[in-house]
Amino acid sequence: MASKHTLSREEQPQRWPLPPRRRPDLADFSRASLIAYLQTAPLDEVDISDPMYWETDTNSIYFKRLRDEAPVHFTTHNSDRHRGFWSVTRWADIMAVDTNHNVYSSDAHLGGITLFDMDQDFIMPMFIAMDPPKHDVQRKAVNPIVSGPNLASFEGLIRERTREVLDGLPRGEAFDWVDRVSIELTSRMLATLFDFPQEHRRKLTYWSDVSTSDAEIPGNPQKEERQAILMGMLQEFTLLWNQRVNEPPKGDLVSMLAHNPATRDMPPMEFMGNLVLLIVGGNDTTRNSTTGGVYEFSKNPGEWAKLRANPALVESAVSEIIRYQTPLAHMRRTALEDTILGGQRIRKGDKVVMWYSSGNRDERAIENPDAFIIDRPRARQHMSFGFGIHRCVGNRLAELQLKILWEEILARFESIEVLEEPERVPSAFVKGYKSMMVRLPA
Ligand code: HEM
């Protein structure tokens, strides 16, 4: 349904004073008060990119209002963190942007694919942040790793590791599911994809976390430190590259990049960019779906009972978990020309943010979207993997990992008790968990 035409941001009077840029100490800013604020604040006043709305899991209140009242909505420049952006919140409008790369660019030099621009003095070209034709040839270079035959060959290994990790968990005592299961399984998988030494696999998690971390959050590495850490990652991977380029081609990602004519002459920063892409792609997303599934089943015991009674539902349950979690909350594009979207005038150069986390809850496209229902008729109909030429390369691998995990959980545990609210990542991009304390039956 097209939204009614409203004034573009240049035509609009500045009605609301810009809210102070603040990151209140969350202890002083209760979740309840944020909910009350998001329910009533003028839409133009809220800056939903503020990490506090993600850390407190309150953002969906605002998105529901945007979908109903202003589905393509501009948030004005609010700080040196961003220069203003369009929020696209309805399923149909998100699809229109995601499938139109001729108008909506992913190019790193225009800012890239996240709401906060890529550092222009430290551009890491990566194929997710490229447009055709270069995007297409680089994507093709790594695609075989997640193709059908390769996936089938991973299945036994994934199952064996999943069993080992689950069998090693303590019974009857509290432990952190994120650390013991979600990170453990995803880092093992990533090490396999790169043929990176398994004993150093947690470095991959560390680099992934550093590359997506927000320097404004206290305790996170600052810009220079972040760049130094990523240069260290490049050094380690360059050693692997140098080894593999002199060996016959193998099936791991480093060997694929080193031997493929489309990627073998990449400059170092581009190698680094693609490493970051593949590490983050394979890490945060599957990791947070792994945690999100346990959390949602704990909130919905009826759905857990349904799955236990009928394990054949595991595939649709995995899709529902991925929809419900939406591990990457958004992807961003930059308009290459003036255009109209949802009745709004978008100017060349504007940032356009597709909020998958909102599209996945759009009642115009998905029935009863706020409910977690594992036997939905069309469970794979969600936007968590995006659409168009950048649709997730690793979606089948992620689904396979999660399917095996839930099959093995079902075979072992009657229940997984979530002991307290999980600690969430303060990020409007990676929608995930830092920790979640759980207990298995003794
Ligand atoms: C792209 C989500 C798992 C590798 C993407 C995109 C999303 C996404 C939203 C961008 C889509 C777009 O712009 O239209 C997810 C989710 C996952 C997951 C939710 C798990 C539940 C993985 C895994 C890998 C991976 C396991 C690697 C092994 C990639 C790559 C791209 C990508 C390389 C870039 C594709 C391109 O630009 O052509 N993913 N991903 N992802 N993902 Fe995933």
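Reply: Two strands count as paired if DSSP finds at least two bridges between them. The model is predicted. Start with β1 and β2 (residues 85–88). These strands pair in the antiparallel sense over four bridges. Within the pair, His73 stands opposite Ser87 of β2.

Now widen the view. β1 and β2 belong to an open sheet of five strands, in the order β1-β2-β8-β5-β3. Its pairing is mixed. The edges are β1 (72–75) and β3 (104–105). Each has a single partner strand, so one side of each is left without a neighbour in the sheet. Helix α4 (residues 91–98) lies across β1, β2, β3, β5 and β8 (351–355). The helix runs at about 125° to β8.

What is the order of strands in the open sheet of three? The order is β4-β12-β9, and the pairing is antiparallel. Here β4 (174–176) and β9 (417–418) stand at the edges. Each of them has a single partner strand, so one side of each lacks a neighbour in the sheet. β4 pairs with β12 (residues 437–439) over three bridges, in the antiparallel sense. Asp176 stands opposite Met437 in β12. Helix α7 (residues 177–194) packs on this sheet and touches β4 and β12. The direction of α7 makes about 45° with that of β4.

Two backbone features deserve a stop. Most residues other than glycine have a negative phi, and most peptide bonds are trans. Asp195 is not a glycine, yet has a positive phi of about 50°. This aspartate lies in the loop between α7 and α8 (201–212). Pro132 and Pro133 are joined by a cis peptide bond, with omega about 5°. Pro133 is found in the loop between β3 and α5.

On to the ligand. Its iron atom has a single donor from the protein: the SG atom of Cys392, 2.3 Å away. Cys392 sits in the loop between α14 (356–359) and α15 (395–412). In total, 30 residues surround the ligand. The closest are His135, Arg139, Arg333, His390 and Cys392.

One is 2.6 Å from an N or O atom in the side chain of Arg139. For the side chain of Tyr356, the distance from a ligand oxygen atom to an N or O atom is 3.3 Å. Phe387 uses its backbone instead: a polar backbone atom of this residue is 3.1 Å from an oxygen atom of the ligand.

Which elements give two or more residues to the shell? They are α5 (134–142), α11 (268–299), β5 (330–335) and α15. The largest share, seven residues, comes from α11. By class, the shell has 16 nonpolar residues, ten polar and four charged.

Conventions:
Residues numbered from 1 in each chain as written. Predicted model: local features only at pLDDT ≥ 70, side-chain atom pairs only at ≥ 80, totals over all residues. Heavy atoms only, no water. Donors = N, O, S within 2.8 Å, 3.2 Å for Na, K, Ca; no water. Near = heavy atom within 4 Å. Polar contact = N/O pair within 3.5 Å; in protein donor to acceptor, adjacent residues only side chain to side chain. Nonpolar A, V, L, I, M, F, W, Y, C, P; charged D, E, K, R; others polar. Contact = heavy atoms within 4.5 Å. Axes fitted to C-alpha atoms, helices over the stretch in contact; angles between N-to-C directions.
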